[in-house]
Amino acid sequence: MRFKLNRKKREVHLGDRVFAFILKVPSVALVLLLVSIAYYLFRNALPVIHKQGWSFVTTSVWDPVNDVYGALPVVYGTVVSSFIAILISTPLSVGVALFLTEIAPTRVGRVVGFLVEMLAAIPSVVYGLWGIFVLAPWLRTTVEPFLAKTMGFLPFFQGAPYGVGMLAAGIILAIMITPTISSISREIFNAIPRVQREAALALGSTRWEMMRLSVLQSARRGIIGAVILGLGRALGETMAVTMLIGNRHEVSASLFAPGSTMASIIANEYAEATSDVHVAALVEVGLLLFAVTFVINSLARLFISRGFRWGAPSNSPGGAK
Amino acid sequence: MYSLLSTQNLSASFGSTQVLKNIQMDFDEFTVSAIIGPSGCGKSTFIRCLNRLHEEVAEASATGKVLLQGHDIYASDVDPVAIRRKIGMVFQKPNPFPSLSIFDNVAIGLKLAGVRRGAILRETVERSLKLAALWEEVKDKLNSQGTSLSGGQQQRLCIARALAVEPSVLLMDEPTSALDPISTAKIEELMTELKKTVTIVIVTHNMQQAARISDKTAFFLLGEMIEYGETSELFTAPKDQRTERYITGRFG
């Protein structure tokens, strides 16, 4: 005789049924909300989609007076500033996570880990202010002239050092996403069992070799996931970037030059947009940003869930040491 | 005349809790010595002191001497990394490196020691896997993940990994407690073969196992070594009453 589990029949008590309903409503509502945001963005972007089609994402002229919109510079700005952020933040965050889990004494690790995570609690606009008053002047007077002098043969480091620009935005983003990447990396490192580290040590590896062999190699996928999650945050970050990127609608190879991002152009222009097509253009930028971050976050989820599930099932029995 | 490995007044603690008290033991070359005792008696901590793995645990400390061929491995000028290449270890749970292939799991010890020549690596991997009686089962899939093997195979892979660097001592911390009876039998069989080339110190929860495989057996209780002698004597005519009560199953 076979039984079929009937989900509906399981909640026979009235109380259970009411409770299940109470739980079900917000879950369904949240999914609907996600779908409706996507739909709203699409519908309100229709005027510009009809008018310009693909040229919206392939051209660079953004001219609200003549109602011509090319979003390429903001897409470029978003990608480049986020890429700079990832480039700086990844080694920094993984280094911090390694230090906190493998080297620092437990108590120090806990305190420093807490403080690093506090970086995530600082409001974006405060980062922006700090960027304007401290970071940008420092970049203008010290860092950018130095880069121009040593690596000026590269197109990225040519032109006048403005301070405010793509590089400043990338650096501020790097600082802002470091807590995300390092705290997830730390969780992943902590999830790697002790015996894995001892396997390396018992074989005569130094501390660094042990970290490479038992920690970094096992955590590879998880680290990639953490970086993608950080990237998702960098792509959508608005306030600090708007304050630091210079807001010029132009594709420029130089990182010293001002630029703008998808998020910053919306923040800057939405209040002043008068024509319907201008509003629609900004909404379409929002739609693009929504799609990009959605895809990035889904990828991160995929990587992290596999990163945590390491080793074979036969590894699990036995007591803790 | 020194024993290959011996301890003098070895004591160990976690924080302020002392878990080992003045242990004196000698291990002769090419023998199997078993350490038995109830849970928490310090037997695992004891062998973890022998390759200086104990000190990797937060707040752990040890005093006394551990002599390998007459030289104190706790002397200030001794590098624990070098010691661990001479004194290998197999753990309670099979722990192959999940990111490495079967081949690399065995070769990794040599690679860490700086051996790069492919021919030497291949030869050592084959020899070690044969020693661990795993070669026939894995020779056609050396590039698959180490973790794709069964539990018993993984444990023999870990034995091969430890043997590849040709240690003079092999420490085994309850190596069969996570395995099924058939895998256990295979590993026990293997140990009698291995002691021709390497000295084995094994911690086991299983008294029958100690009786089957070891030349000498030590009984630990509450951080003290109660009795240490020829396995046949310890199990048939124990000198200490506590040993007798333990092996006859009256406690522990």
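## A strand pair in chain B

In this predicted model, B:Leu67 has B:Asp72 of β5(B) as its bridge partner. Strand β4 (residues 60–68) of chain B is joined to β5(B) by two bridges, and these strands run antiparallel; two strands pair if DSSP finds at least two bridges between them, and strands are DSSP runs of E with at least two residues, numbered from the N terminus, while helices are runs of H or I with at least four.

The pair belongs to an open sheet of four strands in chain B, with the order β2-β1-β4-β5 and antiparallel pairing. Its edge strands, each pairing on one side only, are β2 (17–27) and β5 (71–72) of chain B.

## Two packed helices in chain A

Helix α6 (residues 124–151) and helix α7 (residues 166–191) of chain A pack at an angle of about 125°, with their axes 10 Å apart. That angle makes α6(A) oblique to α7(A), because angles under 35 degrees count as roughly parallel, over 145 as roughly antiparallel, 65 to 115 as roughly perpendicular and the rest as oblique. Axes are lines fitted to C-alpha atoms, for helices over the stretch in contact, and angles run from 0 to 180 degrees between N-to-C directions.

Residues of α6(A), including A:Tyr127 and A:Leu139, meet residues of α7(A), including A:Leu167 and A:Met176; contact requires C-beta atoms, placed from the backbone, within 7 Å.

## How the model is described

Residues are numbered from 1 along each chain as its sequence is written, and chains are lettered from A and ligands numbered from 1 in the order in which they are written. Because the model is predicted, local features need pLDDT of at least 70 and side-chain atom pairs count only at pLDDT 80 or more, whereas totals for chains, interfaces and linings use all residues.

Definitions and conventions
Two residues are in contact if their C-beta atoms, placed from the backbone, lie within 7 Å.
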